[in-house]
Structures are given as C-alpha cells and as structure tokens.
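Subject: Structure handover

Hello,

Here is the structure you asked about. Please open it alongside this note.

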Amino acid sequence: LLSDKLTQSKDTPETLKQWQARQVAFTQARSTCSGLWLRALPSGPRFRMSSREFTLALAMRFGLDISRITNHHRLPSCLCGAEATLDHLGACPQGGMVTQRHNEVVSICADALSNSGATQICREPRARLHGYGRGGPDLLWTSPQEDKRYIADVSVAGGINDSNRQRVMNQPGYLAEERAKTKIEENTANAKQNKMAFVPFF
C-alpha cells in the first residue's frame with residue numbers, strides 16, 4: 001500500500017529512502033529470534049536499559065526518525081561529531097551502534113574468559129599473528145588446562161546503506177550471512193598460518 005502511494009505521488013527521493021528504511025526495519029523485525037532481546041533478563045547493572053535507551057532501541061529497530069528522541073532527551077551526537085541519525089549510527093566506524101555493540105561483546109567475552117581461568121588474554125592480537133592485515137581476531141588467550149592458544153573474532157552485522165538497502169528488504173539476514181562468509185574465509189586461511197584451526201560459531 002505504501003509502495004503504491006509513493007509510486008503514484010511525486011515524493012522526493014529522500015521520502016522514498018525513509019520508506020525503504022522503514023521496510024528494512026520491519027523485514028528484520030519479522031526474522032527469527034529478532035525479539036529475544038525483549039525477553040532477556042539483565043545479568044548485571046551494566047546491561048540494564050533506562051527508559052530513554054529502551055525508547056531509542058525500539059525506534060531504531062522500527063526504522064523511525066530518532067532525531068526527535070535524541071533532541072527531546074538531549075542525547076549527544078555521534079562520537080565523530082556528526083548528527084546522530086539512524087543511517088549514520090548504523091554505519092559510522094568511530095561511534096556508530098555497530099562499533100559500540102562489537103566492542104561491548106568483546107569486553108563481555110574477555111571478562112568471561114578471565115573468570116573461567118584463561119590466561120594471557122590479549123585484545124587486538126593481530127601483531128602477534130601471521131597473515132592478518134588491518135582486521136583480524138579480537139581476542140587471543142591461553143587455556144592452562146589444555147595448554148592451547150585460542151583466538152576469537154567478534155563480528156556484528158550492520159551498516160545498512162543505499163547500496164544494500166533493497167537487498168536487505170527482500171532477504172532478511174542478508175548482512176549477517178555475507179559477513180559470516182567473509183569472516184570464515186579470512187579466519188580459515190589465516191588460522192592455518194598460525195597453526196590453529198578455525199571453528200565458526202554464530
């Protein structure tokens with residue numbers, strides 16, 4: 001219905017872009033397990049959401065304009081200094097939501113490893129490994145029980161933009177699937193150079 005209205009009217013490209021963003025959000029919201037975060041109980045104070053954080057999280061997941069929310073709650077702009085729009089926060093490598101989520105997952109994994117008895121935990125260990133370029137694994141640690149080294153590469157799919165918006169609308173999970181392929185190829189090849197085996201877990 002919305003598509004027909006946009007076709008019949010002479011709306012601007014920006015309006016069409018906003019509608020496509022909304023369609024992407026609804027497509028992702030219908031995907032399997034997309035609502036599990038609503039039923040997850042916080043395991044500690046750091047995982048509790050304030051009312052404004054919850055409102056912002058819902059708005060982002062439904063592709064709504066978040067400028068009114070950020071202005072109303074006086075939320076800060078992106079870390080890079082740009083306006084905190086939905087498109088920008090989804091793609092900015094410096095202060096975007098994808099980057100923040102990635103760093104948070106790495107931090108949680110590092111804490112869990114430390115609590116489980118792992119030793120020599122190193123973040124961003126690519127300087128100690130062969131084959132990796134700018135990317136590479138996020139964690140390197142040693143298991144005293146097995147006397148083995150392990151690496152972990154955390155990846156968070158995101159960054160919807162004009163080049164992939166139409167594909168995401170028609171294929172839920174597309175970004176995650178493409179990211180998984182890239183990471184599996186990269187880590188499988190480089191793990192062999194470091195005498196390790198890579199096992200994807202997602």
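Below is what was found, from the overall fold to single residues.

First, the ground rules. This is a predicted model: local features need pLDDT of at least 70, side-chain atom pairs count only at pLDDT 80 or more, and totals for chains, interfaces and linings use all residues. Residues are numbered from 1 along each chain as its sequence is written, and side-chain values use heavy atoms, with hydrogens and water left out.

**Overall**

The protein has eight helices and three strands. Helices here are DSSP runs of H or I with at least four residues, strands are runs of E with at least two, and both are numbered from the N terminus. The order from the N terminus is α-α-α-α-α-α-β-β-β-α-α.

The protein has 202 residues, and 28% of them count as buried. Buried means under 20% relative accessible area, exposed means over 50%, and partly exposed is in between (1.4 Å probe, protein chains only).

A contact means heavy atoms within 4.5 Å.

Helix 3 covers residues 51-61, and Leu56, Ala57 and Ala59 are buried in it. Seen down the axis, the buried residues of helix 3 fall within an arc of 165°, so they line one face. The arc is taken over the directions from the helix axis to the C-beta atoms.

Helix 6 (residues 97-115) has 19 residues. Its first and last C-alpha atoms are 27 Å apart, close to the 27 Å expected at 1.5 Å a residue. The expected span is 1.5 Å times one less than the number of residues. Buried in helix 6 are Thr99, His102, Val106, Ser107, Ala110 and Leu113. They fall within an arc of 135° seen down the axis, so they line one face of helix 6. An α-helix has 3.6 residues a turn, so residues three or four places apart point the same way. The cover over the buried residues of helix 6 includes strand 1 (119-123) and strand 2. After helix 6 comes Gly117, with a positive phi near 100°.

**The hairpin**

Strand 2 and strand 3 (residues 148-152) pair antiparallel over five bridges. Two strands pair if DSSP finds at least two bridges between them. They form a hairpin with four residues between the strands, and Asp147 in the turn has a positive phi of about 55°.

Ser143 sits in strand 2 (residues 139-143). Its bridge partner in strand 3 is Lys148. Beyond four places in sequence, Ser143 touches Lys148 and Tyr150. Ser143 is buried, at 10% relative accessibility.

**Val156**

Val156 is in the loop between strand 3 and helix 7 (165-170). Is Val156 buried or exposed? At 11% relative accessibility, Val156 counts as buried. Leaving aside neighbours within four places, Val156 contacts Val98, Arg101, His102 and Arg179. Val156 and Arg101 are 55 residues apart in sequence, yet 7.2 Å apart in space, C-alpha to C-alpha.

**Cysteines**

How many disulfides does the whole structure hold? The search finds zero. A disulfide is a pair of cysteine sulfur atoms within 2.5 Å. Cys109 is partly exposed at 31% relative accessibility, while Cys122 is buried at 14%.

Best wishes
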